Amino acid sequence: MWQAEVRVDLDAIRENVDRLRAGTSAELMAVVKGDGYGHGMVPAARAALDAGADWLGVCTLDEALALRAAGIDAPVLAWLLAPGLPLHTGVTAGVDLGVASLPQLDEMLEASRTAGQPARLHLKIDTGLARGGATVADWPALLDAAAKAQADGLVEVVGVWSHFVYADLPGHPTTDRQVAVFHEGLAMVERAGLRPRYRHLANSAATLTRPDTHFDLVRPGLAVYGLSPVAGETYGLRPAMTARARVMLTKRVPAGAGVSYGHTYTTEREANLAVVPLGYADGVPRHASNCGPVQLGGVRRTISGRVCMDQFVLDCGDDPVAAGDVATLFGSGFEGEPTADDWAEAVGTINYEIVTRFGSTRVPRVYDGDRA
């Protein structure tokens, strides 16, 4: 008997990847960073590869090495690399590495010498996000240094890439501006004598809405897990995660009873309360106090009072409720239950955060459609 669980439908991930592949002629990188957006990095990666994903994308070196340790030999790109990491371990493991500055490139050269083989690099240009990537001003120097290192046999420049600011709002002018800057950057790449196999720019939103940005490789993340990056659109994607728990305790309380810490909720009438054993230690945002949607007994209800570390309470009015009944916080929505989008709207965040919160906690993950 289970108390609380996060269920992940790997067939949904496969269907989503298949749908994304059908919409592009480019190769597809399934982004599985953040423990597969909370869905489990290794199972999600295997499901995506089952459906024809060509690449896997992660942030950290440790994530990339964990994929290799799991026996996954597909191409992997890792791009969030702080100074001083043992990059030679990634080079030896055949992990492609992101580079955005001359100091980073210097570390890659040292890693190549230590590993005794060329590092496979993806050079990143900042086209407007002002986060990772070399500025346009610094880009020529990085390209020249990378071209020399490639000529010396220390590196192989495999890709050139960037990342969108606002592709999740189709038609936003920043997207076209970034595409223009990316083209300028690619022209500089050619002038530097580099001929990378992969040019990549499109995230989930651009993969779904901007085929002109697909180039040689697209990098969907959120969409792989069935969630849309564009508000109000689903694109036929199927959410893969369901979070639920069994009611731990029920009780009948009088009108005017204060509920949970601080008594921020008070019953308006005599009511049945249901205590659900999930809290902010499990991924339930504390901001969901008095607003988080939960389905129980076929009825969509709202969390009553403050979310605690390990539990929250539902006011069920006069509806019958019993210990052991299943409370669903979110799922696909196909059976009327709330979705991750509903939760994001309720607490003022994005669906990315909701699933990542729930998937990286003490609540066990259970997989449907596992072919291992």
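Q: What makes the charged end of K124 count as sitting over the ring of W161?
A: In this predicted model, the charged end of K124 lies 4.3 Å from the centre of the W161 ring. The criterion asks for NZ of Lys within 6 Å of the ring centre and within 35 degrees of the ring normal.

Q: Why is the crossover from β6 to β7 called right-handed?
A: The chain passes from β6 through helix α7 (residues 139–151) to β7, and this β-α-β crossover is right-handed. The term applies because, with the strands pointing away from the viewer, the path from the first strand over the helix to the second runs clockwise.

Q: What joins strand β5 (residues 96–99) to β6?
A: Three bridges join these two strands, which run parallel, and the cut-off for pairing is at least two bridges. L97 stands opposite L121 in β6. Together with helix α6 (residues 102–115), β5 and β6 make a β-α-β unit that is right-handed.

Q: Why is strand β6 (residues 119–124) described as largely enclosed?
A: Five of its six residues are buried, so β6 is largely enclosed by the rest of the structure. Buried here means under 20% relative accessible area.

Q: What makes the charged end of R246 count as sitting over the ring of W2?
A: The charged end of R246 is 4.3 Å from the centre of the W2 ring, and the distance limit for CZ of Arg is 6 Å. R246 is accordingly listed as sitting over that ring.

Q: How many aromatic pairs does the structure hold?
A: The structure holds seven aromatic pairs, and among them is the one formed by Y37 and Y352.

Q: Why is the pair of Y37 and Y352 called tilted?
A: Its ring centres are 6.3 Å apart, with 35° between the planes.

Q: What does the pair of Y37 and Y352 tie together?
A: Y37 lies in helix α2 (residues 33–37) and Y352 in helix α11 (residues 351–359), so the pair ties together parts that are 315 residues apart in sequence. Y37 is buried, at 9% relative accessibility, whereas Y352 is partly exposed, with a relative accessible area of 28%.

Q: Why is the pair of F330 and F358 called edge-to-face?
A: The centres of F330 and F358 are 4.9 Å apart, and 80° lies between the planes. Because planes over 60 degrees apart count as edge-to-face, the value of 80° places the pair in that class. The pair links distant parts of the chain, with F330 in strand β18 (residues 326–330) and F358 in helix α11, 28 residues apart. F330 is buried, with a relative accessible area of 0%, and F358 is buried as well, at 2%.

Q: What makes the approaches of the E5 side chain polar contacts?
A: The E5 side chain lies 3.0 Å from the side chain of R7 and 2.7 Å from that of R244. Both contacts fall inside the limit of 3.5 Å for a pair of N or O atoms. Beyond four places in sequence, the residues that E5 touches include T242, A243 and V363.

Q: Why does Y235 count as partly exposed?
A: At 26%, its relative accessibility lies between the limits of 20% and 50%, so Y235 is partly exposed. Y235 is in the loop between β9 (217–218) and β10 (241–246), and its contacts beyond four places in sequence include R19 and L208.

Methods
Residues numbered from 1 in each chain as written. Predicted model: local features only at pLDDT ≥ 70, side-chain atom pairs only at ≥ 80, totals over all residues. Heavy atoms only, no water. Polar contact = N/O pair within 3.5 Å; in protein donor to acceptor, adjacent residues only side chain to side chain. Contact = heavy atoms within 4.5 Å. Phe/Tyr/Trp six-rings, centres within 6.5 Å; stacked < 30°, edge-to-face > 60°. Helix = DSSP H or I, 4+ residues; strand = E, 2+ residues; numbered from the N terminus. Buried < 20%, exposed > 50% of the residue type's maximum accessible area, 1.4 Å probe, protein only.
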